[in-house]
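Student: I'd like to learn how to read a protein model, one feature at a time. Can we walk through this one together?

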Amino acid sequence: RALIQFMLDTHVAEHGYREVYVKLDGRRLAMLSYGGTMRADYYVPDRLASPPPILVSLHYCGGQASNARSWFQSYSDQYGFIIITPGAGGSCFDAAASRSGERAAVASMVAYVVMQRNADAKRVFAAGLSSGACMAHALVAAYPDVFAAGSSPAGVPAGAWNGGNNYGWSTTGVNGAQAWGDKVRNADPGYMGRWGRMQIWH
């Protein structure tokens, strides 16, 4: 894996690229070249739905993109959706509820894949575990114009994460549905449409 990453970095530095493919377990995996600096790849199954939905799969603290991809790869092969797997800038994703930083980078990844693969912009979803679950909450809150829904096993609500790229969250001083709803609404204060649904697992 280190050798593959070195080759990709060298290719980018010397030539630039739109997509660079490597073989992983006999399947095609694309290093995502969306114009940002946050590392990511995406998995394209042999048979795509028309148009293909997108799932952003988000790893836990201390994990990596390959962990998150493996959770859904067999379902991607079965149903024809594309998996985007970002890598956090530190041990954890920075899951603050705002339209900036790692959340903005992931939204840019989605826009790139929609354009490059003619994917279904109305069927974009986020799912993760632990830190990745917190990031799923943040993405659905901050980018309701991008994400139709999210799934959160062992996450905290949007607006609770305060650790940056390290583990940390707090619910102190936030009480009741209205207060937590305000956290979501304040993540994109100009938005007047419907926010995506969240599936909660604990």
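**Reading the model**

Tutor: Buried means under 20% relative accessible area, exposed over 50%, and partly exposed in between (1.4 Å probe, protein chains only). Before we go on, this is a predicted model, where local features need pLDDT of at least 70, side-chain atom pairs count only at pLDDT 80 or more, and totals for chains, interfaces and linings use all residues. Residues are numbered from 1 along each chain as its sequence is written, and side-chain values use heavy atoms, with hydrogens and water left out.

Student: Which residue forms a salt bridge with Arg185?

Tutor: First the idea: a salt bridge is a side-chain nitrogen of Lys or Arg within 4 Å of a carboxyl oxygen of Asp or Glu. Here the partner of Arg185 is Asp182, with the closest N and O atoms 2.9 Å apart. Asp182 is partly exposed too, at 28% relative accessibility.

Student: How many turns of helix H5 separate Arg185 and Asp182?

Tutor: An α-helix has 3.6 residues a turn, so residues three or four places apart point the same way. Arg185 and Asp182 are three residues apart in helix H5, so about one helical turn separates them. By the way, helices (H or I, at least four residues) and strands (E, at least two) are DSSP runs, numbered from the N terminus.

Student: How many salt bridges does the structure hold?

Tutor: Six. One of them joins Arg99 to Asp188, with the closest N and O atoms 3.2 Å apart. Arg99 sits in the loop between E5 and H3, and Asp188 in the loop between H5 and strand E8 (197-201), so this pair ties together parts that are 89 residues apart in sequence. Arg99 is partly exposed at 36% relative accessibility, whereas Asp188 is buried at 11%. Another salt bridge links Asp120 and Arg123, at 2.8 Å from N to O.

Student: What about a charged residue like Glu102: is it buried or exposed?

Tutor: Glu102 is buried, yet it has no salt bridge. For charges, Lys and Arg count as positive and Asp and Glu as negative, while His and the chain ends are not counted. The nearest side chain of opposite charge to Glu102 is Arg103, 5.6 Å away. Glu102 lies in helix H3. Contact means heavy atoms within 4.5 Å, and, leaving aside neighbours within four places in sequence, the contacts of Glu102 include Met38, Phe93 and Asn165.

Student: How can I check the span of H3?

Tutor: The expected span of a helix is 1.5 Å times one less than its number of residues. The 17 residues of H3 should span 24 Å, and the end C-alpha atoms are 25 Å apart, which agrees.

Student: Which residues have the most contacts inside the largest nonpolar core?

Tutor: A nonpolar core is a set of buried Ala, Val, Leu, Ile, Met, Phe, Trp, Tyr and Cys residues joined through side-chain atoms within 4.5 Å. The largest one has 43 residues, and those with the most contacts inside it are Ile54, Val56, Leu58, Ile84, Val106, Val110 and Phe147. E3, E4, strand E5 (82-86), helix H3 (101-117), E6, H4 and H5 each supply at least two residues of this core. There is also a second, separate core of five residues, including Tyr43 and Phe81.

Student: How many aromatic pairs are there?

Tutor: A pair of aromatic rings is described by the distance of the centres and the angle of the planes. Rings of Phe, Tyr and Trp (its six-membered ring) pair if their centres lie within 6.5 Å; planes under 30 degrees apart count as stacked, over 60 as edge-to-face and the rest as tilted. The structure holds four such pairs. The rings of Trp71 and Phe72 have centres 6.4 Å apart and planes at 80°, so that pair is edge-to-face. Trp161 and Tyr167 are edge-to-face as well, because their ring centres are 5.9 Å apart and their planes at 90°. Trp161 is buried at 6% relative accessibility, but Tyr167 is exposed at 56%.
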